[in-house]
Amino acid sequence: MGKSVSTEFNEEVLKAHNEYRKQHGVPPLMLCKKLNREAQQYSEALVSTGILKHSPESSHGQCGENLAWASYDQTGKEVADRWYSEIKNYNRQHSFTLGTGRFAVMVWKNTKKMGVGKASASDGSCFVGDRYFPAGNAVNQGFFEENILLLKK
């Protein structure tokens with residue numbers, strides 16, 4: 001039996017993350033069933049509200065999280081590329097800034113596992129939520145320098 005659409009999407013998101021992580025010299029992420037389940041449930045909740053808003057778990061630092069919305073069915077690579085494009089705004093001198101958090105959590109060295117969720121609304125729009133563990137983007141002194149490695153030449 002072939003892979004389900006969600007399995008293919010999840011693996012595509014994971015592959016794109018790990019390609020970017022490799023460029024930064026950090027270990028690859030592994031998909032986690034529990035995080036996949038949580039990310040899927042939250043993506044479905046986003047569809048029901050129609051509002052792109054971080055989860056309480058993310059807001060309380062229990063996991064890292066990336067969210068995406070589009071008016072069409074997004075591919076996993078497209079979503080990951082859009083998040084990673086924030087690298088253009090990243091400045092090592094200022095650590096965390098708005099407009100760089102999605103990039104930073106993707107390549108955070110100490111993050112080991114991720115989960116992916118995707119849900120479509122009746123109008124064809126698509127919500128994607130990724131969960132990361134351990135959470136990244138810790139603003140403690142030195143954490144960004146330790147976990148966001150420069151691109152390897």
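The mean pLDDT of this predicted chain is 91, where pLDDT is the predictor's confidence in each residue, from 0 to 100. A value of 70 or more is reached by 95% of the residues. Among the elements, strand E1 (residues 30-31) has the highest mean, 98. Helix H6 (residues 143-147) has the lowest, 87.

Because the model is predicted, local features need pLDDT of at least 70 and side-chain atom pairs count only at pLDDT 80 or more, while totals for chains, interfaces and linings use all residues. Residues are numbered from 1 along each chain as its sequence is written, and side-chain values use heavy atoms, with hydrogens and water left out.

**Overall fold**

The chain holds 6 helices and 4 strands. These are DSSP runs numbered from the N terminus: helices are H or I with at least four residues, strands E with at least two. Their order along the sequence is α-β-α-α-β-α-α-β-β-α. The radius of gyration is 15 Å, close to the 15 Å that the globule rule gives for 153 residues, so the chain is as compact as a globular protein of that length. That radius is taken over C-alpha atoms, and the rule is 2.2 Å times the number of residues to the power 0.38. The C-alpha trace spans about 45 × 35 × 25 Å along its principal axes.

Of the 153 residues, 42% are buried. Buried means under 20% relative accessible area, exposed over 50%, and partly exposed in between (1.4 Å probe, protein chains only). Contact means heavy atoms within 4.5 Å. Among contacts between residues at least 6 apart in sequence, 70% join residues at least 24 apart.

Val 26 sits in the loop between helix H1 (5-23) and E1. Asn 36 belongs to helix H2 (residues 33-49). Both contact lists below leave aside neighbours within four places in sequence.

Val 26 and Gln 40 are 14 residues apart along the chain, and their C-alpha atoms are separated by 26 Å.

**Charges**

The chain carries 20 positive and 16 negative charges, and their mean positions are 7 Å apart. Lys and Arg count as positive, Asp and Glu as negative; His and the chain ends are not counted. Each charge is placed at NZ of Lys, CZ of Arg, CG of Asp or CD of Glu.
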